[in-house]
Amino acid sequence: MDKESLKKEIKEVIISSLELEDIKVEDINDSEPIFGAGLGLDSIDALELGVALKKKFGVKFSSENKQNREHFASVNSLAEYIFSQKESSND
């Protein structure tokens, strides 16, 4: 899977798992923040999104991992994290 396809799938997971009915895939900018000023998501949304991403892509997010904030910064950063996890699992 290439990164552009992955980003599209991440956006679809964000929209479906958080029931963002008024938002389309095209409305989500790859580099804009997902939380706060971007889509306006909060910590509860982060938990739900983390579970949905785990189900869809098989990646894990640990509550002790201080890098989670960086991973969830934008669609781009989520794609990088998921891509790196998939590559390391293929080794």
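Me: Which residues form one aromatic cluster?

Reply: Phe35, Phe61, Phe72 and Tyr81 form it. This is a predicted model, in which local features need pLDDT of at least 70 and side-chain atom pairs count only at pLDDT 80 or more, while totals for chains, interfaces and linings use all residues. Residues are numbered from 1 along each chain as its sequence is written, and side-chain values use heavy atoms, with hydrogens and water left out.

Me: How many aromatic pairs does the count come to?

Reply: The count comes to three aromatic pairs. Rings of Phe, Tyr and Trp (its six-membered ring) pair if their centres lie within 6.5 Å; planes under 30 degrees apart are stacked, over 60 edge-to-face, and the rest tilted. The rings of phenylalanine 61 and phenylalanine 72 are tilted, because their planes are at 50 degrees, with the centres 4.7 Å apart.

Me: Where in the chain do those two lie?

Reply: Phenylalanine 61 is in the loop between helix H2 (43-57) and helix H3 (68-71), and phenylalanine 72 is in the loop between H3 and helix H4 (75-90). They are 11 residues apart, and the pair links distant parts of the chain. Helices here are DSSP runs of H or I with at least four residues, numbered from the N terminus.

Me: Is phenylalanine 72 buried or exposed?

Reply: Phenylalanine 72 counts as buried, because its relative accessibility is 8%. Buried means under 20% relative accessible area, exposed over 50%, and partly exposed in between, with a 1.4 Å probe and protein chains only.

Me: How many salt bridges does a search of the whole structure find?

Reply: The search finds six. In one of them, lysine 3 pairs with glutamate 80, the closest N and O atoms being 2.8 Å apart. That pair links helix H1 to helix H4, 77 residues apart.

Me: What about lysine 56 and glutamate 9?

Reply: Their side chains meet in a salt bridge at 3.3 Å, N to O. Lysine 56 lies in helix H2 and glutamate 9 in helix H1, so the pair ties together parts 47 residues apart in sequence.

Me: And which residues do salt bridges that share partners join into one network?

Reply: Glu4, Lys7, Lys11 and Asp30 are joined in this way. Aspartate 30 and lysine 7 form a salt bridge with the closest N and O atoms 3.8 Å apart, and both residues are buried.

Me: Last topic, helix H1. Why does its span agree with expectation?

Reply: The expected span is 1.5 Å times one less than the number of residues. For the 15 residues of H1 (residues 3-17) this should be 21 Å, and the end C-alpha atoms are 20 Å apart, which agrees. Buried residues in H1 include Leu6, Ile10 and Val13.

Me: What follows H1?

Reply: Glutamate 19 follows, and its phi is positive, near 50 degrees.

Technical notes
A salt bridge is a side-chain nitrogen of Lys or Arg within 4 Å of a carboxyl oxygen of Asp or Glu.
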